[in-house]
Amino acid sequence: MSYYQHHVFFCTNQRENGDACCARFDAQAMRDYAKQRTKALGLHKNGQSRINSAGCLNRCAEGPVIVVYPEAIWYTYVDQTDIDEIIESHLQHGKPVERLMLDPQ
């Protein structure tokens, strides 16, 4: 059993050599936004949701990426609107956002 109802990892990896990476998509700012938004909604209390940064999740070509555990659902996103949709649909209501999901591989 997972400690958190939802544990969300944002890849924030930065590659200095110019290769594809999630940091190019402002991943740290999106992670910060998600953390602030879940706190504003009270989703950070009592083991509900935890937002974390992660190093490389090794899906650079599909970036930016996040993964939500314990379901192991992978997402990509474009902007805060997509992050809001993931928070509202998946974290609040338990319904994954199919249009943003990546194949689990």
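Exposed means over 50% relative accessible area, buried means under 20%, and partly exposed is in between, with a 1.4 Å probe and protein chains only. Asp103 sits in the segment after α2 (80-92).

A word on the source. This is a predicted model, in which local features need pLDDT of at least 70 and side-chain atom pairs count only at pLDDT 80 or more, while totals for chains, interfaces and linings use all residues. Residues are numbered from 1 along each chain as its sequence is written, and side-chain values use heavy atoms, with hydrogens and water left out.

Now the whole chain. The protein chain has two helices and four strands, in the order β-α-β-β-β-α along the sequence. The radius of gyration is 13 Å, close to the 13 Å from the globule rule for 105 residues, so the chain is as compact as a globular protein of that length. That radius is taken over C-alpha atoms, and the rule is 2.2 Å times the number of residues to the power 0.38. Helices (H or I, at least four residues) and strands (E, at least two) are DSSP runs, numbered from the N terminus.

Next, the strands. β1 pairs with β2 (residues 49-54) in the parallel sense, over six bridges; pairing requires that DSSP finds at least two bridges between the strands. Opposite Phe10 stands Ser53 in β2.

What lies inside? The largest nonpolar core has 25 residues, and those with the most contacts inside it include Phe10, Tyr77 and Ile83. β1 (6-11), α1 (27-40), β3 (65-69), β4 (73-76) and α2 each supply at least two residues of this core. Such a core is a set of buried Ala, Val, Leu, Ile, Met, Phe, Trp, Tyr and Cys residues joined through side-chain atoms within 4.5 Å. In soluble globular proteins, nonpolar side chains tend to be buried together.

Leaving out residues up to four places away in sequence, Tyr77 touches Phe10, Ile66 and Ile83, among others. Contact here means heavy atoms within 4.5 Å.

Last, α2. Its buried residues include Asp82, Ile83 and Leu91, and the buried residues of α2 pack against β1, α1, β2, β3 and β4. Just after α2, Gly94 has a positive phi of about 70°.
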